[in-house]
Amino acid sequence: MNKWSLGRRAMVKAMLVASASAWAINSKALASSCGDQVVRIAGIFSPDTLNPFATWNSYWPMCFTYDCLVGVDAQRHSDRKGFAKEWSVSADNVTWTFKIWPGLKWSDGQPATARDAAFTYNYLRGSVGTPEELNVGWNNTDGLEQVESITALDDETLQIVTKAPTRWPIDNWTLIVPQHIWKNISYADARGTFRNDPPLVGSAPMIISEFQQGQFVRMIPNEHFRTGRPATAGVIFRLFNTADPIAQGLKSGDLDYGLGLTAAQWADLSKDPGIVVGQQRIEQRNYLAFNTLSGEGAGSTKALQDPAFRDAIGYAIDQKTIVDRGMRGHADPGVGLAMPVAADYYSDLADIRRHFDIAEAGRRLDVAGYRDADGDGIREDKDGKAFQLELITGPSSGTIEMPIAAVQFITEWLGQIGVPVSVTQLDSGALSARYAAPGKGGGGWDLLVTQSWLSSSPHDLLSLGSSKLIGGQNRSYWTNPKFDDLLSQVDQAVDVKKSLALVDEAARLIYSEAPYIILFYPFALEARSKNCFEGWGKQDMVSQWGYFPFDRLRPV
């Protein structure tokens with residue numbers, strides 16, 4: 001069995017996914033053939049626009065066309081640099097210097113320089129505090145409050161000066177865009193109507209040449225890529241809302257690579273001698289979120305705002321059963337904000353960790369004032385009113401699909417403690433609209449079962465509790481000044497020991513307040529054909545943080 005290491009960007013907002021009937025519609029035009037040297041890949045993705053300032057939902061495929069300045073891959077692998085060839089920081093940890101690749105070009109042949117990188121960041125900075133602030137997409141203003149200045153010293157040298165020590169200059173995942181394309185785009189258009197239609201102009205190896213929403217993305221090689229034109233003739237990225245057609249395509253030979261397989265499909269494909277399968281821990285967290293709002297967007301009962309109620313519910317959730325039976329063992333049981341792949345920050349919180357105990361959950365609800373006074377099997381709130389909770393769930397673009405069995409387990413357990421739950425399943429677009437900030441039409445639900453996949457940086461680990469990210473990463477709407485203060489300190493921590501202590505304190509705080517019950521940390525299950533292409537790499541089949549190995553695949 002082949003295994004590889006996988007990571008993932010923070011793809012957290014999802015829009016409407018189209019039907020998998022695209023498989024049939026495009027089967028002739030997109031059929032696999034080793035002879036045409038086009039790589040065919042597929043995943044559960046629903047990109048809605050190719051404008052990185054307006055969506056969280058399109059990192060794949062945009063990362064095939066745009067480079068990060070540094071990004072995750074460049075820090076993990078010496079041979080996977082982005083827009084910057086190298087970087088350094090001064091002794092005081094506030095002045096960062098980035099050397100851009102000499103002679104770098106955009107795919108339209110124009111020079112790609114440090115001035116483009118400075119433009120990208122300063123374009124974001126210029127929007128801060130305006131009604132059109134660019135805070136709704138992958139390229140966003142988060143973290144820029146820590147920056148003093150961003151300057152192109154010359155075509156090959158970018159300087160970022162921060163107000164205090166921070167790793168933000170290398171830990172941000174902003175996609176660098178060409179100034180000559182974006183300089184005349186207004187902020188209002190950038191965060192809304194400008195779709196950035198193909199063909200795109202980028203610096204990465206594959207240029208998006210065609211985009212059919214809900215169906216496929218077609219890419220062609222970048223003739224001006226810094227290491228030379230890629231050896232493949234192109235990439236076709238098929239978009240699905242379930243894993244079924246992905247598994248079918250791998251078995252039939254219509255696909256070269258499939259991402260986001262279910263445990264059953266992965267087990268079946270592992271028996272095929274022409275297919276390589278792999279699994280690995282990733283940064284995704286699947287969780288149960290409570291609507292903690294009061295006022296606009298609040299849930300159906302004030303109990304959701306009570307930490308004691310939420311804590312008691314935590315004792316009715318058996319993470320091990322969800323992993324063993326729902327995920328067939330392809331996950332780690334959930335605990336706190338940090339996942340096992342973030343080894344330095346992970347803790348099993350053994351001294352405060354809840355354990356599965358239905359009787360204990362019931363006892364804690366009684367103590368907290370949520371009793372079944374009339375003996376009908378349904379608890380009442382502190383005002384004596386019976387309640388039934390609405391749980392909303394559904395797929396999220398770019399994340400590992402979660403079986404509905406996990407949700408069924410939760411509803412059964414809560415029913416056993418006298419808390420009835422109804423389930424509403426939504427597509428990804430409708431789901432993201434429901435958990436959006438109340439000012440943007442979200443809220444009104446009680447429980448949410450969903451997932452998010454960010455990096456393992458300290459900032460991203462704590463994002464679920466950030467008051468600045470309500471309706472985005474913070475889907476429970478929970479706020480806590482102490483937590484925000486800890487997050488602010490984390491953002492300015494360079495010393496690893498200090499960072500570890502701050503993350504642990506914040507993780508314990510949010511665990512005790514229980515706006516989320518972390519259910520599990522899933523493994524990524526993928527597969528590829530042994531035919532057609534070589535160069536996939538020994539440790540990674542496909543990086544989820546960039547375009548590796550599509551810059552170096554070679555036809556067999």
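**Close-ups of a predicted model**

P549 sits in the loop that runs between β17 (533-534) and β18 (554-555). This is a predicted model, with residues numbered from 1 along each chain as its sequence is written. Local features need pLDDT of at least 70, side-chain atom pairs count only at pLDDT 80 or more, totals for chains, interfaces and linings use all residues, and side-chain values use heavy atoms, with hydrogens and water left out.

**View 1. Two cis peptide bonds.** The bond from F548 to P549 is cis, with omega near 5 degrees. Another cis bond joins P198 and P199, where omega is about 0 degrees. P199 belongs to the loop between α7 (187-190) and β6 (206-212). Helices here are DSSP runs of H or I with at least four residues, and strands are runs of E with at least two, numbered from the N terminus.

**View 2. L349 and its positive phi.** Phi of L349 is near 50 degrees, a positive value in a residue other than glycine. Look for L349 in the loop between β12 (331-333) and α12. For background, most residues other than glycine have a negative phi, and most peptide bonds are trans.

**View 3. Helices α10 and α12 side by side.** The axes of α10 (residues 307-314) and α12 (residues 358-367) come within 8 Å and cross at roughly 170 degrees. Axes are lines fitted to C-alpha atoms, for helices over the stretch in contact, and angles run from 0 to 180 degrees between N-to-C directions. The pair is therefore roughly antiparallel, a label for angles over 145 degrees. From α10, F309, D311 and A312 meet A361, R364 and L365 of α12, contact meaning heavy atoms within 4.5 Å. By class, that contact has four nonpolar, no polar and two charged residues. Ala, Val, Leu, Ile, Met, Phe, Trp, Tyr, Cys and Pro count as nonpolar, Asp, Glu, Lys and Arg as charged, and the others, Gly among them, as polar.

**View 4. Inside the largest cavity.** About 150 Å³ of space lies in this cavity (a set of points on a 1 Å grid over the protein atoms alone, where a 1.4 Å probe fits but cannot get out; the volume is the space filled by probe spheres set on the points, which are joined across faces, edges and corners). Of its 18 lining residues, D67, D73, W545, G546 and Y547 are the closest to its centre; lining residues have an atom within 4 Å of a point. Helix α3 (residues 71-76) gives the largest share of the lining, three residues. The lining divides into nine nonpolar, three polar and six charged residues.

How values were computed
On a 1 Å grid over the protein atoms alone, a cavity is a set of points where a 1.4 Å probe fits but cannot get out, and a pocket is an open set with protein on both sides within 12 Å along at least five of seven lines; lining residues have an atom within 4 Å of a point. Angles under 35 degrees count as roughly parallel, over 145 as roughly antiparallel, 65 to 115 as roughly perpendicular and the rest as oblique.
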